[in-house]
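Trainee: Could we go through this model together, helix by helix?
Mentor: Gladly, have a look at it and then ask away.

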Amino acid sequence: CLSRGLGDVYKRQLEKFLTPMPLSYDYQEWKKKSYTERAKKVCQNWALQGYGSPISVTIFYFIKIIFYVFMFFWFCSFSNDLGGISEFSLWWTKTEALGKFIFWTVLIEIIGLGGASGPLTGRYAPIIGGITYFLRPKTVKVPLFPKIPFLGNDSRNWLDIGLYLLLLIALIRVCVASDITPSIVIPVIILLLICGLLDRTIFLAARGDIYLPMAVCFLFPLETGAGLKIIWFGIWFWAAFSKLTPNFTSAVNVMISNSVLFIPSCFDNFKKSLFKSYPEDLRPSRKANNMAHFGTFIEFVMPILLITFMGNAEITFFALIAITLFHIFIFANFPMGVPLEWNVIMVYGAWMLFYGNPAFNPLDISSPILIAVLSLSLFIFPILGNLFPKYISFLLSMRYYAGTWAYSVWLFKGDAKDVIEEKIPKTSKDVLVQMEKLYETDFAEGIISMILGFRLMHLPGRLINQLVPKAIDSIHDYRWIDGEALAGEVVGWNFGDGHLHNETLLNSIQKRCNYKSEQLRVIMVESPQFHTQNLEYRIYDAHDGLIEKGTGNTRALKDIQPWE
């Protein structure tokens with residue numbers, strides 16, 4: 001009896017370890033309700049427990065980060081000027097050490113094991129996309145210029161695969177090199193640009209928005225440290241700048257609701273306090289606004305202190321402590337998209353550049369090429385991206401985790417989604433199919449339905465409530481799939497960039513699946529303009545084309561509930 005009792009205890013603990021939190025409502029009853037009632041339920045559920053991921057998911061990501069850091073030390077051991085972990089204090093301030101970290105990060109990202117991997121991005125089996133797509137013929141590409149012959153080809157061929165393989169080899173070559181020289185960095189830059197031209201998915205997966213200009217810095221050995229220092233400052237500055245909108249507070253609420261740091265049940269009262277009056281009023285409370293403003297203050301002011309008081313060891317030290325705690329907080333909350341590697345390398349780079357090398361001065365940069373690249377990536381793209389977000393990825397705009405992503409919703413009538421399984425070569429199955437290998441169908445469907453809550457809890461996502469009735473007659477006839485999940489399944493990578501699942505992807509899918517009228521409706525919403533907060537939207541039928549386009553505004557959405 002004792003043995004059986006202990007076995008039952010272990011079994012319950014194992015289930016708790018592996019199984020997401022159950023919904024606070026009955027899923028079968030939920031399916032019968034109207035769209036507004038469904039939306040209200042998922043938002044109320046998200047407010048307290050987020051996606052409800054099990055403990056095993058957290059452990060998976062921690063193990064991944066341990067592997068990431070271990071490999072960094074291993075690659076450093078190949079360098080003439082660096083060494084092993086035991087000698088870290090002797091070489092951590094060297095530019096080459098940060099260079100190893102940068103190129104290793106690009107490698108792990110482009111493989112698909114960095115951000116956009118694992119269950120928090122809809123990847124259960126397999127846990128990555130990336131390389132499993134980029135090495136597979138006939139998978140779907142998202143070309144930069146889809147209307148230009150050859151460059152606009154949307155089906156991966158052997159040339160694409162060969163170029164991607166060469167990029168992997170070039171990155172590995174840098175990682176194991178005895179010295180990072182311009183001659184081994186140039187192939188990485190050229191290949192990344194070519195691969196990005198043919199498939200912007202690869203460029204964005206490599207996080208070319210920040211790591212490409214970093215790579216360019218290594219072409220100028222005397223100015224590398226100064227260039228990297230201004231890039232670090234630019235990332236913080238524009239990330240903070242993008243948070244100066246009404247959207248950021250709701251993004252903070254969504255992240256904390258989903259946090260593994262603030263455990264459900266233990267922190268329920270704290271989470272409720274982030275809303276004006278849970279469960280009926282889920283607009284952000286004053287506390288939530290204050291938390292958002294404080295985070296923006298840290299991300300704005302500390303980098304300004306770092307760049308202004310270079311050489312002042314005391315101010316630099318305390319500013320770095322603040323910025324380190326800032327990144328630890330983000331890391332510990334495991335935001336959707338899980339950019340954990342980015343937070344690790346940002347902290348290391350901050351200490352190495354600003355504390356370990358106070359002599360690096362961005363004003364010493366004199367190379368016209370480096371000045372041009374830094375101006376483009378740290379000034380022109382961010383400004384244009386904030387003013388005209390329709391044309392520039394939010395990553396290139398450096399609008400990081402500000403709640404201002406472009407997004408889309410794909411509505412498949414009946415079993416129309418099954419055609420994608422039949423017609424499109426891909427590695428990952430439908431998210432529901434992946435989860436059904438682990439859980440019962442109702443439970444899996446219930447967990448996936450929480451993605452609707454994630455979308456609506458963000459301020460720009462609330463425009464969807466006005467657009468769904470314009471797109472379809474009855475929600476009960478359609479299956480709702482967020483564009484992020486579809487991009488992850490079809491192109492092999494998703495990281496919050498709605499431009500990977502806009503018209504270009506719709507045309508590619510329609511060309512292969514040939515949907516009839518009303519079988520697939522897609523709602524696309526652009527990132528809000530910084531100065532007007534306008535949201536452009538388009539509604540498409542896969543067969544009939546554009547149904548409607550128009551404009552919403554986040555300021556008009558600020559005073560309504562996520563489900564209204």
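**Helices and their packing**

Trainee: What covers the buried residues of α15?
Mentor: The cover of the buried residues of α15 includes α12 (224–241), α13 (247–257), β2 (281–284), α16 (313–333) and α17 (340–355), where contact means heavy atoms within 4.5 Å and helices (H or I, at least four residues) and strands (E, at least two) are DSSP runs numbered from the N terminus. This is a predicted model, in which local features need pLDDT of at least 70 and side-chain atom pairs count only at pLDDT 80 or more, while totals for chains, interfaces and linings use all residues. Residues are numbered from 1 along each chain as its sequence is written, and side-chain values use heavy atoms, with hydrogens and water left out.

Trainee: And which residues of α15 are buried?
Mentor: They are A288, A292, G295, T296, I298, E299, F300, M302, P303, L306 and I307, with buried meaning under 20% relative accessible area (1.4 Å probe, protein chains only).

Trainee: How many residues has α15, and what span does it reach?
Mentor: Helix α15 runs over residues 286–308, which is 23 residues, and reaches 32 Å from its first C-alpha to its last, close to the 33 Å expected, the expected span being 1.5 Å times one less than the number of residues.

Trainee: Switching to α11, how many of its residues are buried?
Mentor: In helix α11 (residues 208–217), 10 of the 10 residues are buried, so the helix is largely enclosed by the rest of the structure. Its cover includes α6, α9 (182–198), α10 (200–205), α12, α17 and α18 (368–387).

Trainee: At what angle do α6 and α8 cross?
Mentor: The axes of α6 (residues 95–111) and α8 (residues 158–175) cross at roughly 150° and come within 9 Å, axes being lines fitted to C-alpha atoms over the stretch in contact, with angles from 0 to 180 degrees between N-to-C directions. The two helices are therefore roughly antiparallel (over 145 degrees).

Trainee: Which residues make that contact?
Mentor: On the α6 side they are K100, F103, W104, V106, L107, I110 and I111, and on the α8 side Y164, L167, L168, L171, I172, V174 and C175.

How values were computed:
Buried means under 20% relative accessible area, exposed over 50%, partly exposed in between (1.4 Å probe, protein chains only). Angles under 35 degrees count as roughly parallel, over 145 as roughly antiparallel, 65 to 115 as roughly perpendicular and the rest as oblique.
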